[in-house]
Amino acid sequence: MSDQFTYIGQGDSLERAAVLMRDQDIGMLPVLEENQVVGTVTDRDIVVRGLADGLDPKTPVSGIMSRGIHSIHADADVDEAAQAMEAAQVRRLVILDRDERCVGVLSSGDIATGTREPKLAGEVLEGVSEPAG
């Protein structure tokens, strides 16, 4: 898990989100309000829901963010995280403490590079890549 995560506020612009993603070399930002995660915005959201729809780069991320979040608690183990990713078909999870505050982000890449279980990383990639049904 990356506990040195970058986040954004609902009122911050698409442009700011894109700059943060570029500068941090990341593809997803938790959207926080008053220390609570209210959504997420991905690089794909910026392109598909923002630019492709002709939105101004100054548009607040609240206009394109995903409001439901996929998360697990910080005390979950890597197998639980992998199962959660597969079930939700997502490549990233928001990590929450017991007070529901964001403490990090876990990506499928973190599982691939941070564990000694290459089979698990492959299973996650396969699971999140299956067509929804």
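Is Gln89 buried, exposed or partly exposed? Gln89 counts as partly exposed, at 25% relative accessibility; buried means under 20% relative accessible area, exposed over 50%, and partly exposed in between (1.4 Å probe, protein chains only). The points below place this residue in its context.

1. Basis of the note. The model is predicted: local features need pLDDT of at least 70, side-chain atom pairs count only at pLDDT 80 or more, and totals for chains, interfaces and linings use all residues. Residues are numbered from 1 along each chain as its sequence is written, and side-chain values use heavy atoms, with hydrogens and water left out.

2. Overall composition. The chain holds five helices and five strands, where helices (H or I, at least four residues) and strands (E, at least two) are DSSP runs numbered from the N terminus. Along the sequence they follow the pattern α-β-β-α-β-α-β-β-α-α. Of the 133 residues in the chain, 35% are buried.

3. Contacts along the chain. Among contacts (heavy atoms within 4.5 Å) with a separation of 6 or more, 54% join residues 24 or more positions apart.

4. The largest nonpolar core. This core has 12 residues in all, including Ile8, Val41, Ile46, Ile64 and Met65. A nonpolar core is a set of buried Ala, Val, Leu, Ile, Met, Phe, Trp, Tyr and Cys residues joined through side-chain atoms within 4.5 Å. Helix 1 (14-24) and strand 1 (28-33) are the elements that give two or more residues to this core, and helix 1 supplies the largest share, four residues. Apart from this core lies another, of nine residues, among them Ala82, Val90, Leu106 and Ile111.

5. Val61. Val61 belongs to the largest core. Beyond its neighbours within four places in sequence, Val61 is in contact with Ile8, Gly9, Gln10, Asp12, Ser13, Leu14, Ala17 and Val31.

6. Helix 1. Leu14, Ala17, Leu20 and Met21 are the buried residues of helix 1. They line one face of the helix, because they fall within an arc of 125 degrees when seen down its axis; the arc is that of the directions from the helix axis to the C-beta atoms. Their cover includes strand 1, strand 2 (36-42) and helix 2 (43-50).

7. Three strands form an open sheet in the order 3-4-5, with mixed pairing; two strands pair if DSSP finds at least two bridges between them. Strand 3 (71-73) and strand 5 (102-107) are the edge strands, each pairing on one side only. Strand 3 and strand 4 run parallel and are joined by three bridges, and Ser71 stands opposite Val94 in strand 4. Neighbouring strands are turned by 30 degrees against each other on average, direction ignored. Helix 3 lies across strand 3, strand 4 and strand 5, at about 130 degrees to strand 4; axes are lines fitted to C-alpha atoms, for helices over the stretch in contact, and angles run from 0 to 180 degrees between N-to-C directions.

8. Positive phi values. Most residues other than glycine have a negative phi. Asp25, in the loop between helix 1 and strand 1, has a positive phi of about 55 degrees although it is not a glycine. Asp25 is exposed, with a relative accessible area of 71%. Gln89, in the loop between helix 3 (78-88) and strand 4 (92-96), also has a positive phi, near 55 degrees.
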